Amino acid sequence: MKRYHPFLVTLHWILAVAIAAWLLMGSNILSEMPNSDPEKINSLKVHMSVGIGILVLMVTRLVVRLRSTKLTPVNTNATTMNKLSAIGHYALYTVVILMSVSGIVSAQIAGLGDIVFFGSGAALPETFDNIAPLVAHQVLSTVLMLLVAGHVLAALYHQFALKEKLFSRVWYGNRQ
Ligand code: HEM
């Protein structure tokens with residue numbers, strides 16, 4: 001098998017764009033907005049909805065990938081590199097899932113469900129500073145940025161330095 005199933009390819013690229021965008025928007029826009037800003041509830045609604053969507057798609061991809069035929073490594077002799085690659089991929093799944101779960105727990109503690117999704121009319125808490133799981137959400141966002149950067153650099157190294165045509169594995173076409 002030379003390529004991932006088209007369903008896995010599609011999920012890979014949707015998740016790649018969504019996760020990169022959410023890391024950038026979360027740290028540059030959302031966290032900079034004071035809770036007193038009238039637009040904050042709407043921004044949180046979008047952030048939380050897409051964040052939950054990312055969780056659902058990531059778990060779906062993990063389950064489908066574990067149950068579908070495994071791709072053989074491009075270079076079966078590169079055992080250390082193949083091990084590192086497997087660890088890196090599992091770390092990506094784990095951190096994205098933890099990122100979403102820590103966001104959901106933080107939102108629950110701050111009572112955001114009723115305010116953001118069910119229009120309770122209550123004001124947002126003055127600050128989110130005292131919500132412990134949000135510290136995990138922030139730390140994990142930095143870890144995830146590093147993992148994504150490592151993933152992209154490794155893919156470019158395989159594609160252009162080792163000339164292993166790795167990108168075709170996450171693109172559409174003949175799978176045999
Ligand atoms: C993989 C999915 C997600 C990513 C990549 C992501 C990313 C981020 C980032 C980068 C921040 C800013 C952290 C900082 O202060 O530096 C943030 C803040 C936040 N996120 Fe997420 N997030 C995700 C999922 C979620 C989910 C599912 C929820 C809740 C349902 C959530 C709720 C929040 C909240 C409440 C904040 C605080 C906003 C503020 O400081 O004003 N996130 N997120």
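Predicted model: local features only at pLDDT ≥ 70, side-chain atom pairs only at ≥ 80, totals over all residues.

Trainee: Is Trp171 exposed, partly exposed or buried?

Mentor: Buried would need under 20% relative accessible area and exposed over 50%. Trp171 has 48% relative accessibility, so this residue counts as partly exposed.

Trainee: How do the rings of Trp171 and Tyr172 pair?

Mentor: The count comes to one aromatic pair. Its ring centres, those of Trp171 and Tyr172, are 5.1 Å apart, and the planes stand at 65°. Planes over 60 degrees apart count as edge-to-face, so the pair is edge-to-face.

Trainee: Which element gives the most to the nonpolar patch?

Mentor: Nice one to follow up, as Trp171 and Tyr172 are both in that surface patch. With four residues, the element that gives the most is H5.

Trainee: What covers the buried residues of H5?

Mentor: Let's start with who is buried: Leu134, His137, Leu140, Ser141, Leu144, His158 and Gln159. Their cover includes helix H1 (6–30), helix H2 (40–67) and helix H3 (79–109).

Trainee: How far apart are the end C-alpha atoms of H5?

Mentor: H5 has 30 residues, and at 1.5 Å a residue it should span 44 Å. The distance in the model agrees with this: the end C-alpha atoms are 43 Å apart.

Note on methods. Residues numbered from 1 in each chain as written. Heavy atoms only, no water. Helix = DSSP H or I, 4+ residues; strand = E, 2+ residues; numbered from the N terminus. Expected span 1.5 Å × (residues − 1). Buried < 20%, exposed > 50% of the residue type's maximum accessible area, 1.4 Å probe, protein only. Contact = heavy atoms within 4.5 Å. Patch = residues over 30% accessible without salt bridge, like charges linked within 9 Å, V, L, I, M, F, W, Y side chains within 5 Å. Areas by Shrake-Rupley, 256 points an atom, 1.4 Å probe, with all protein chains shown as cover. Salt bridge = Lys/Arg side-chain N within 4 Å of Asp/Glu carboxyl O. Phe/Tyr/Trp six-rings, centres within 6.5 Å; stacked < 30°, edge-to-face > 60°.
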